[in-house]
Amino acid sequence: MSVLAEKTHPEWAAAVRATEYLVALSKNLPRQLYPCEFTRWIWLFGKPAILVPEPSKSTLSIDRASFIDAAYLMAQADGLAIRITLPQTICIKFLDCVRNSKPNLETRNLLNLFAGNYIEFTSDRTGVQLFCKGIFPNIFSDEKCLISLVRPDSDRYICLTGDVYQKSIDRHLWYAQGAINELLKRIRSEKTSIKLGASPMSQSTVSDPCVILKALKSKNKTKFKRLWNGDHSGYTSVVEADLALIGILKYWTDGDRVQTDRLYRMSGMYRDSWDNRMVKDISYGQATLNYVFST
């Protein structure tokens with residue numbers, strides 16, 4: 001659209017911008033989030049402000065609203081905001097970690113653990129926010145914290161930008177309890193700030209995030225993604241699924257047993273039974289690793 005057209009038809013220009021935003025959002029936003037509640041947000045004094053719907057009026061729903069109706073409403077705002085209503089669905093925000101459109105190294109390492117989930121830049125592009133499936137305990141954050149959490153039981157709305165992080169990666173809503181557990185370990189390191197340190201050392205020359213990304217780009221990426229997110233459907237037993245995931249991790253870690261065990265504990269397949277003692281004082285996890293690494 002020309003500058004003259006924008007000046008002559010400002011409402012039309014706003015509708016075009018709204019349509020472009022909705023096209024990008026509908027292309028990137030996981031459809032699993034569509035049943036959630038939506039409202040609008042606008043820029044107000046340099047900050048995004050949520051237009052909270054009146055109690056007498058129902059909130060927007062992508063499932064109910066037509067694309068044309070949504071575009072019309074969006075012409076009067078700067079974006080859509082979402083309130084999570086799905087069980088075991090959370091939004092994790094990494095705050096003040098982006099410089100020149102690139103998260104810092106520590107944050108990138110954490111985001112790699114959630115690879116495959118929907119991740120986008122925040123409205124001010126100083127942080128990133130990701131959506132995933134999982135359970136997060138009651139941990140509070142304050143202004144000094146680098147991570148903020150929004151749960152399904154929260155009344156908070158999250159401004160959606162459609163400005164995705166790593167455009168080449170699939171964007172879904174995967175079960176990521178293993179990645180959440182790893183994140184919790186780092187949260188517990190300090191009470192008022194998140195210490196984004198390195199992972200435990202191993203003999204492998206390939207970092208944990210690189211192993212995950214390589215597996216996600218391999219020929220067996222679909223198989224790995226399902227197992228990594230705790231989906232063991234298609235296997236005769238959970239034990240068989242454990243063996244399959246350990247086998248994949250063994251391959252991509254170049255046979256590093258310590259790193260394979262560490263990565264398995266980050267996955268959705270990890271269970272407390274992994275450390276349960278069996279015969280001869282050997283845990284189930286040790287027995288599983290012994291079997292895979294002996295073949």
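**Strand β4**

I started with strand β4, residues 89-94, in this predicted model. Six of its six residues are buried, so the strand is largely enclosed by the rest of the structure. I counted a residue as buried when its relative accessible area was under 20%.

Next I checked which way the side chains go. Thr 89, Cys 91 and Lys 93 point one way from β4. Ile 90, Ile 92 and Phe 94 point the other way. Both sets are buried. I noted the background rule here: in a regular strand, side chains alternate between the two faces of the sheet.

Then I asked: which strands does β4 pair with, and over how many bridges? Six bridges join β4 to β8, and the two run antiparallel.

Four strands form an open sheet, in the order β7-β8-β4-β9. The pairing is antiparallel. Which strands sit at the edges? They are β7 (118-121) and β9 (147-150), and each pairs on one side only. The twist averages 20° from one strand to the next.

I also looked at the β7 end. β7 pairs with β8, residues 128-133, over four bridges in the antiparallel sense. Phe 121 has Val 128 in β8 as its bridge partner. For the record, strands of a sheet pair through backbone hydrogen bonds, either parallel or antiparallel.

**Strand β3**

I turned to β3, residues 79-83. Is this strand buried or exposed? It is mostly covered, with five of its five residues buried.

Strand β1, residues 37-44, pairs with β3 over five bridges in the antiparallel sense. In that pairing, Trp 41 is partnered by Gly 79 in β3. Strand β10, residues 158-159, is joined to β3 by two bridges, and these strands run antiparallel. Here Ala 81 has Cys 159 of β10 as its bridge partner.

**Helix α10**

I moved to helix α10, residues 284-293. Which of its residues are buried? I found Tyr 284, Gly 285, Thr 288, Leu 289 and Val 292. Seen down the axis of α10, these buried residues fall within an arc of 130°, so they line one face of the helix. I then asked what covers them. The cover includes α8 (238-252) and α9 (257-266).

**Largest pocket**

Last, I looked for empty space. Rolling a probe the size of a water molecule over the atoms shows where such space is left. The largest pocket has a volume of about 500 Å³. It is lined by 20 residues. The closest to its centre are Pro 48, Lys 93, Leu 95, Ser 123 and Asp 124. Lys 93 was already in my notes, as a buried residue of β4.

Which strand gives the most to the lining? That is β2, with three residues. β2 spans 47-51, and both β2 and β10 supply at least two residues of the lining.

Key. Residues numbered from 1 in each chain as written. Predicted model: local features only at pLDDT ≥ 70, side-chain atom pairs only at ≥ 80, totals over all residues. Heavy atoms only, no water. Pairing = 2+ DSSP bridges. Axes fitted to C-alpha atoms, helices over the stretch in contact; angles between N-to-C directions. Buried < 20%, exposed > 50% of the residue type's maximum accessible area, 1.4 Å probe, protein only. Arc of directions from axis to C-beta. Contact = heavy atoms within 4.5 Å. 1 Å grid on protein atoms, 1.4 Å probe; cavity = no way out; pocket = protein on both sides within 12 Å on 5 of 7 lines; lining within 4 Å. Points joined across faces, edges and corners; volume = space filled by probe spheres on them.
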